[in-house]
Amino acid sequence: MAEVTYYTEEGLTKLKEELQYLKTEGRANIAKAIAEARDKGDLSENAEYDAAKEAQGLHEAKIAKLEEVLASARIIDESNLDTSKVLALSFVKIKNKKTGAVMSYQLVSETEADLKAGKISVKSPIAQGLLGLQVGDIAKVEVPAGQMELEVLEISR
């Protein structure tokens with residue numbers, strides 16, 4: 001059984017939309033490419049046909065993977081969450097004690113993580129170090145560059 005993963009409503013909607021696209025337009029595009037390659041003659045020596053069939057296999061594998069993820073996906077009811085601690089879906093403002101840099105992140109599932117948008121995976125080293133902490137607590141986090149000390153400044157939803 002797949003591991004249960006928690007999502008925001010927005011994140012789960014994006015996954016469902018992607019799956020719908022892959023099942024409809026994506027499959028239609030693959031079928032069209034296979035048909036065009038088949039029309040070019042002898043299939044035993046047709047590299048374009050082989051490539052299209054391989055692309056179809058990869059496409060179907062991606063659909064199966066997304067269906068598996070969606071089967072184990074759960075939406076977190078944010079109204080019942082404790083805002084005094086850092087949890088999944090928390091918005092957290094932290095300060096690097098060494099450099100003084102202040103950063104804000106939202107802790108999200110792995111598939112929703114997007115550093116440019118300020119969303120980090122709950123499975124990342126920084127998020128793992130922050131989970132369960134309260135405002136004023138200091139997390140010591142092991143990162144590739146060494147150990148970081150991060151102070152939790154603010155937690156919100």
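Student: Which residues lie nearest the centre of the largest pocket, and how many residues line it?

Tutor: In this predicted model, Glu 3, Val 4, Thr 5, Tyr 6 and Lys 123 lie nearest the centre of the largest pocket, and its lining has 19 residues. Strand S1 (5-7) and helix H2 (47-71) are the elements that each give two or more residues to that lining.

Student: What makes a residue count as lining a pocket?

Tutor: A lining residue has an atom within 4 Å of a point of the pocket. Glu 3 is among the lining residues of the largest pocket, so an atom of Glu 3 meets that cut-off.

Student: What is the volume of the largest pocket, and how do its lining residues divide?

Tutor: The volume of the largest pocket is about 330 Å³. Its lining divides into 10 nonpolar, 4 polar and 5 charged residues. Tyr counts as nonpolar and Lys as charged.

Student: Which domains supply the lining of the largest pocket?

Tutor: Domain 1 (5-75) and domain 2 (90-156) each supply at least three residues to it.

Student: How do you know that the second largest pocket lies between the domains?

Tutor: Both domain 1 (5-75) and domain 2 (90-156) give residues to its lining, and therefore it lies between them. The lining includes Tyr 7, Glu 10, Lys 14, Thr 111, Asp 114 and Lys 119. Helix H1 (residues 9-38) gives the most, with 5 residues. The space in this pocket is about 180 Å³, and its lining consists of 3 nonpolar, 2 polar and 6 charged residues.

Student: What contact and what buried area do the two domains share?

Tutor: Contact involves 7 residues of domain 1 and 5 residues of domain 2; the cut-off is heavy atoms within 4.5 Å. The two domains bury about 400 Å² between them, with 49% of it on carbon and sulfur atoms. Their C-alpha centres lie 35 Å apart.

How values were computed
Residues numbered from 1 in each chain as written. Predicted model: local features only at pLDDT ≥ 70, side-chain atom pairs only at ≥ 80, totals over all residues. Heavy atoms only, no water. 1 Å grid on protein atoms, 1.4 Å probe; cavity = no way out; pocket = protein on both sides within 12 Å on 5 of 7 lines; lining within 4 Å. Points joined across faces, edges and corners; volume = space filled by probe spheres on them. Helix = DSSP H or I, 4+ residues; strand = E, 2+ residues; numbered from the N terminus. Domains from an automatic or database assignment. Buried area = accessible area lost by both parts, 1.4 Å probe.
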